[in-house]
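User: Can you walk me through the inside of this protein? Keep it simple, please.
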Amino acid sequence: MKTSSQKVTKLSKKTLSDKKDKMLIGCQEWCALPKLHLPAIKAKVDTGAKTSALHASDIKPFHRQGELFVHFMVHPLQRNTLKEQLCTALVIDQRLVMNTGGQKEQRYVILTTIELGGLSWEIEVSLTNRESLAFRMLLGRDALKGHSLINPGRTFIQGRFTPTQLKALYR
């Protein structure tokens, strides 16, 4: 008969081996979205959200060679409307998503590359207006699955940008 302490030891060994392949991140991190020409954007890690979300305004759908695309504007730095980036992306889906206020809204979903902690991988991102929210980007659990372990008590484990560095990135 196994005791509960033996079960915990067995689970701990498995968890330790899983940690080797994953980066440690905090509840807030700086990341980049190079395909959208966004070299730095502050993101809130939210494992309660399935899909990641990016602040986007002036979303305009259009068709190119029979496929649906969107043009949209991103103000990547919070409380700074002077810095803006026009982005274009292929729409991979349109989904009904529950927003922060608990309301359902139809959103365009795009596929893009994220860079975080020296790694890069593809993630799905829904486009929505996050103007009134503290973060321009929300990283949902699907984007982090298989790549990250989260320490909710820490922030910016993968590094910070100074105002001077941000100014240089967004000339």
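User: Let's start with Phe161. Is Phe161 buried, exposed or partly exposed?
Analyst: Phe161 is partly exposed, with a relative accessible area of 31%. Keep in mind that this is a predicted model.
User: How many aromatic pairs does the structure hold?
Analyst: There are two aromatic pairs. One of them joins Trp30 and Phe161, and it is edge-to-face. The ring centres are 5.3 Å apart, with 85 degrees between the planes.
User: Which parts does that pair tie together?
Analyst: Trp30 sits in strand β2, and Phe161 sits in the loop between β11 and α3, so the pair links parts that are 131 residues apart in sequence.
User: And Trp30, buried or exposed?
Analyst: Trp30 is buried, because its relative accessible area is 12% and the cut-off for buried is under 20%.
User: What about Phe62 and Phe69, how are their rings arranged?
Analyst: Their planes are at 25 degrees and their centres 5.7 Å apart, so the pair counts as stacked. Phe62 and Phe69 are both buried.
User: Which residue lies over the face of Phe69?
Analyst: Arg64 does, at 4.6 Å from the ring centre.
User: New topic. How many residues are in the largest nonpolar core?
Analyst: That core has 35 residues. Among those touching the most other members are Leu36, Phe72 and Ile123. Strand β3, residues 38-46, gives the most to this core, with five residues.
User: What does Ile123 touch, leaving out residues up to four places away in sequence?
Analyst: Its contacts include Ser52, Ile110, Thr112, Met137 and Ala143.
User: Why would nonpolar side chains be together?
Analyst: In soluble globular proteins, nonpolar side chains tend to be buried together.

Key: Residues numbered from 1 in each chain as written. Predicted model: local features only at pLDDT ≥ 70, side-chain atom pairs only at ≥ 80, totals over all residues. Heavy atoms only, no water. Core = buried A, V, L, I, M, F, W, Y, C linked by side-chain atoms within 4.5 Å. Buried < 20%, exposed > 50% of the residue type's maximum accessible area, 1.4 Å probe, protein only. Helix = DSSP H or I, 4+ residues; strand = E, 2+ residues; numbered from the N terminus. Contact = heavy atoms within 4.5 Å. Phe/Tyr/Trp six-rings, centres within 6.5 Å; stacked < 30°, edge-to-face > 60°. Lys NZ or Arg CZ within 6 Å of the ring centre and 35° of its normal.
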